[in-house]
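Visitor: Could you walk me through this one, starting with the loops?
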Amino acid sequence: MKFNLVSSFSPTGDQPEAINEIVNRIENNSKYTTLKGVTGSGKTFTVANVLERIQRPTLVLTHNKTLGAQLYTEFKQFFPNNAVEYFISYYDYYQPEAYLPTTGVYIEKDLSINKEIEKLRLSATSKLLSGRRDVVVVASVSCIFGIGNPDDFNETVISIKVGHNLNRTVLLKELVQSMHARANIEFQPGNFRVIGDVIDIYPAYGDFAYKIHFFGDEIEEIESFNPDTGELLDTHLSLRIYPANLFVTSPEKIQQAIEEIESDLEKEVKEFQKESRIDIAKRLQERTKFDLEMLQELGYCTGIENYSRYFDRRPPGSRPFCLLDYFPEDYLMVIDESHVTIPQVRAMYGGDRSRKENLVQYGFRLKAAMDNRPLKFQEFETLQAQVLYVSATPADYEITQSRGHQVLQVLRPTGLLDPIIEVRPTKNQIDDLVEEIQLRIEKDQKILITTLTKKMAEELSKFLSRIQIKASYLHSEVDTLDRVDIIQNLRSGAIDVLVGVNLLREGLDLPEVSLVVILDADKQGFLRSQKALIQTVGRAARHIEGKAIFYADSISKAMESTIDETNFRRRAQTIYNQKNNITPKAIQKSLENVLSRKHQLADLTQNKIKEIENLKTQNLSVEQIKKKIKQHVRLMNKASKELDFPQAALQRDLIEELKSQLAKHPSG
């Protein structure tokens, strides 16, 4: 299949020139290209058009899950008929294994895996290995961490065709080897079950299951069906079943790995004994022996990733396999918000290594654990084929890699101009600020204020509230879900002013904001660098009356550069609008989702109270209660699959009430 872009819009402004220039550089084998595009200029749409032109598998790398989800949604809309995949960290919670020598405290690894995200990760690797060319994978920086060997993953793919002879027992063994588990009660992703001459397989990466019908040793028919309802969906002539886990290997390799682990253990124990570190030698021996016993019996042990080098057949010191190894050689890597994402990639290796060094030095892990790690930055670079950096403020690294060349995109399809920037003295700045806020509130417009410290943000927010201005603060100590509510409150009108520190830069799409205020704009440091200032000013670029005010007693180099850059963009945008008779239009972003979600949650709460009260008044038998529990479990699982978490929570609470009744039942 080919990439087929679906959109009611066509490239406008300087998008066509940017698309042509990027495509030409890629086709002429330029390894690095930088797209410097202003906020709101449609950079994602430009990238989508590039993909349709070059027709190559693509990795879109971003620096956080929230932006990743936004990009995933946008690419899904642009390419509804192609394979748009999502690969981020699948941990809801993760506490890595660590040892603190200063206090002598050992911290065990603790984690919670999100099954839905795990399914999406498996779907991404499966699509890449299927040979399809129309694959876009939106990934976070977690894609540079170790996963299974793609060759082992590919070797355990099971191919099935109608009419082929295949012993049923052989197929069951292959399913187990590819990490599928036999279903006991519930039929879940990654399970299989045997019913007479039929084997049902529920792939870990799909939304539907398959029935394999046997006639003796011949495959008679392959059907897909809905695992929740049992409804038959389609028939198939052939089928490829991919492993249910990214970490798969053969029994032979497991045995070979065990022998090598035993050999390395003996050497490292002797080293500690020579250094008279007897306790540490004993600890390493006990812990590793326990893991080896688990591997012998189960083929798995806690912390198995620390032995990945042995299973991957890699030499000491070599890099692990990662998602980048699953792409073909000619793939395109798009690095979104590259000025933030690149430094994050660069920092991953150092942080992981310092933690592992303590574990190895004090006998908690073999030296091989050091080879279970994220990529070094140089390794990350060697795995790149061609790269497109995307940012409103590309860093020196991206510009150097592109040999100083930047593809510019400064025009907005809406005709909106970059905000006007005013520099005002700090004397009487609060009085001046309050006056500006009042002017905006009268027009039902919103205001963002950035400070240098969390304390200052909190105090300013409290001051504004005391003088009857609806304000709130936002910084890193505010819970993630509370941050979403605060931003929604700003958009819906519950508050007019949002005060923050660094969270008001990338990733906030607030078309209601007409004024951005930067206090202490002339101070030196990261929060007042040119890139930070340009990104912050950009928060007002989605409003016709967008303006930024810098309160400062001098003009720093960063301020001067920001003002010059903004004025350059405004001139180019104004000339283009005049030449093409374009009148700037305000961006309209629906509030329906926000408000309807709140109403939905309120309705669900009332519904839950009514249903629980109703359950309490019913005189149900033990069998009736058990039957109802099964019904609500099915409804809960269905809601979870559809990502309708409020509905899933409602069903969960009803199940708890029924279980409570079952425990207290006279016949129970």
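Visitor: Where is methionine 179 found?
Guide: Methionine 179 sits in the loop between helix 6 (168-177) and strand 10 (181-182), where helices (H or I, at least four residues) and strands (E, at least two) are DSSP runs numbered from the N terminus. This is a predicted model, in which local features need pLDDT of at least 70, side-chain atom pairs count only at pLDDT 80 or more, and totals for chains, interfaces and linings use all residues. Residues are numbered from 1 along each chain as its sequence is written, and side-chain values use heavy atoms, with hydrogens and water left out.

Visitor: What is phi there, at methionine 179?
Guide: Phi of methionine 179 is near 75°, a positive value in a residue other than glycine. Most residues other than glycine have a negative phi.

Visitor: Switching topic, which residues does leucine 323 touch?
Guide: Leaving out residues up to four places away in sequence, leucine 323 touches Leu59, Phe87, Thr125, Leu128, Val137, Ala139, Cys143 and Ile147, a contact being heavy atoms within 4.5 Å.

Visitor: How many residues has the largest nonpolar core?
Guide: The largest nonpolar core has 41 residues, and Leu323 is among those with the most contacts inside it; such a core is a set of buried Ala, Val, Leu, Ile, Met, Phe, Trp, Tyr and Cys residues joined through side-chain atoms within 4.5 Å.

Visitor: Which helix gives the most to this core?
Guide: Helix 4 does, with four residues.

How values were computed. Buried < 20%, exposed > 50% of the residue type's maximum accessible area, 1.4 Å probe, protein only.
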